[in-house]
Amino acid sequence: MEREPGPEGARRALGRWLEAVLASRGQANAVFDILAVLQSEDQEEIQEAVRTCSRLFGALLERGELFVGQLPSEETVMAGSRGAMRKYQVWMRHRYHSCCNRLGELLAHSSFQVKELALSTLMKFVQLEGTHPLEKPRWEGNYLFPRKLFKVVLGGLLSPEEDHSLLLSRFREYLEYDDIRYHTMQAAADALARVADRHPEVSLTFWNNAFTLLSAVSLPRQERNLSNFYVPRSGPSDKWKVTHLREHRKAFQAMWLSFLKHKLPLSLYKKVLVITHDAILPHMAQPTLLIDFLSSACDLGGAVSLLALNGLFVLMHKHNLEYPDFYRKLYGLLDPSVFHVKYRARFFHLADLFLSSSHLPAYLVAAFAKRLARLALTAPPEALLVVLPFICNLLRRHPACRVLVHRPQGPELDADPYDPAEEDPAKSRALESCLWELQALQRHYHPEVSKAASVINQVLSVPEVSIAPLLELTAYELFEQDLKKGPRPVPLEFVPAQGLLGRQDDLCTQHFTLS
């Protein structure tokens, strides 16, 4: 059939072809014309063709005019002696598959409007196929879901060439449905398990798309049966795995383990570790399976090690994991650079959390206090205003460590027994030392630092001082605070002057007055 040029001509022609196919099976060949417009390079024509395919195959699915069962090859059926209706259904289902494959390709189109429309159309077909299955149930009450079609959707979203972060944010809306979320986890796990076979060198784009998808999956925290389905069901059965939260947790675990078993870029290591403690571990069926990943990440050093320690701390605190080197690893992260890196606030927040228990041995807490005090000698003022209250809080939690600020017996120490080069806090001899560094900081040039260091001269209050408001403090903010205080009188002499020349000035004034 001929059509007028341009998007408007395509729209009118597509409307005619759609009416013809739905009105008569004798006009079925018009489907080829509709699918041909899907191959157009014009954005508006493609969108019109996608809408037409949505109406066409949506109607055919609802009318039951697509072949149901294991789809035979088109050539075999057409050459056979089966009835015309069967041939039509098989032929039309092959056209439907061609349409779905093309929609999957359009998920990589340069126009976001085309990609979004292709995604919503594919998800409409997923819903219709679930309601009108194209496969025969194996038994009565068998749960059917269009997994093959859904893998086309996931395959397009997990593109190795295109950054689909914006499209994945649109797909996130479907993850609110329990059945979509469950099958997303299964399909993603399969795709991640096969990625190394299909692509010898996996691109960073693929990993970023995968992480964006996986991090969008969130499970309910309370145990309950799940029934918020995208594909309508007359009566969900308890025999279906999709209705049980424990099965969702197993799928969630398999999905993340499939992702984490690969060698990830360093930037992704950080992104994963940031969400591990509150978005991954609580939803896993067996959280301790992440210990190998966290242990290897802990050996990388820097911010990655710190974030890995956070995950290990959750496993130790909530799942009784034994990790003897935990505090030794944390102690090793304390170096001068910790005051200058961009994750300084997170470091001290987590360090405060890790050292919050009052059951830690005194030698361990003393080692951390002493190491921080030693590093404080060369730290900038904005960092000192966090470190000094941090050290004082450690002394408040552990009275046995207060010997570091006052020793009741013996003369002054002529040499510091603390060994800053020792990697094991148990062998650093910190408890034999004292915090002379805090006394030195009482003479700091910045008055706020001097004031914070002078706290140890008084009896430490029982309630701890919250360091949360100080974690994000910057040098600029500290400077601005000083400016807001305004000018203050600066004493230049111990005895204020009584005139320009003192007493002589007063005598001269009297002489000139008399004369």
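The crossing of helices α17 and α18 is left-handed in this predicted model. Helix α17, which spans residues 362–376, packs against α18 at an angle of about 155°, and the two axes lie 10 Å apart. Because angles over 145 degrees count as roughly antiparallel, α17 is described as roughly antiparallel to α18. On the side of α17, the contact is made by Val-365, Phe-368, Ala-369, Leu-372, Ala-373 and Ala-376, while α18 contributes Leu-384, Val-387, Phe-390, Ile-391 and Leu-394.

The crossing in which α12 passes α14 is left-handed, as is the crossing of α17 and α18. The residues of α12 that take part are Leu-266, Lys-270, Leu-273, Val-274 and His-277, and these meet Val-304, Leu-307, Ala-308, Asn-310 and Val-314 of α14.

Charged pairs were examined next. Side chains of opposite charge can pair when their charged atoms come close. The structure holds 19 salt bridges, among them one between Arg-12 and Glu-8, in which the closest N and O atoms are 3.4 Å apart. Both of these residues belong to helix α1, made up of residues 6–23, where they are placed four residues apart, or about one turn of the helix. Arg-12 is partly exposed, its relative accessible area being 36%, and Glu-8, at 39% relative accessibility, is likewise counted as partly exposed.

Another salt bridge joins Glu-74 to Arg-95, with 3.0 Å between the closest N and O atoms.

In the salt bridge between Glu-464 and Arg-397, the closest N and O atoms are 2.7 Å apart. Glu-464 is found in the loop between α20 (447–453) and α21 (475–484), whereas Arg-397 is in helix α18 (residues 381–397), so the pair ties together parts that are 67 residues apart in sequence. The two partners fall into separate accessibility classes: Glu-464 is partly exposed, with a relative accessible area of 40%, whereas Arg-397 is buried, with a value of 13%. Salt bridges also link Lys-370, Arg-374, Asp-416 and Glu-437 in a network.

The surroundings of individual residues in other helices were then considered. Arg-181 is part of helix α9, which runs over residues 178–198, and is buried, with a relative accessible area of 4%. The side chain of Arg-181 makes a polar contact of 2.6 Å with the side chain of Asp-178. When neighbours within four places in sequence are left aside, the residues in contact with Arg-181 are Leu-175, Glu-176, Val-217, Ser-218, Leu-219, Pro-220, Leu-226 and His-248.

Gln-253, in helix α11 (residues 245–260), is also buried, with a relative accessible area of 9%. If residues up to four places away in sequence are not counted, Gln-253 touches Met-284, Ala-285, Gln-286 and Leu-289.

Thr-131 belongs to helix α6, which comprises residues 112–131, and this threonine is partly exposed, with a relative accessible area of 39%. A polar atom of the Thr-131 side chain lies 2.9 Å from the backbone oxygen of Gln-127. Apart from neighbours within four places in sequence, Thr-131 is in contact with Val-231 and Pro-232. For Thr-131 and Pro-232, which are 101 residues apart along the chain, the separation of the C-alpha atoms is 6.6 Å.

Definitions and conventions. Residues are numbered from 1 along each chain as its sequence is written. This is a predicted model: local features need pLDDT of at least 70, side-chain atom pairs count only at pLDDT 80 or more; totals for chains, interfaces and linings use all residues. Side-chain values use heavy atoms; hydrogens and water are left out. Helices (H or I, at least four residues) and strands (E, at least two) are DSSP runs, numbered from the N terminus. Buried means under 20% relative accessible area, exposed over 50%, partly exposed in between (1.4 Å probe, protein chains only). A polar contact is a pair of N or O atoms within 3.5 Å; within protein, one must be able to donate a hydrogen and the other to accept it, and residues adjacent in sequence count only if both atoms are side-chain atoms. Contact means heavy atoms within 4.5 Å. A salt bridge is a side-chain nitrogen of Lys or Arg within 4 Å of a carboxyl oxygen of Asp or Glu. Axes are lines fitted to C-alpha atoms, for helices over the stretch in contact, and angles run from 0 to 180 degrees between N-to-C directions. Angles under 35 degrees count as roughly parallel, over 145 as roughly antiparallel, 65 to 115 as roughly perpendicular and the rest as oblique. A crossing is left-handed if the near helix is turned anticlockwise from the far one by less than a right angle, and right-handed if clockwise.
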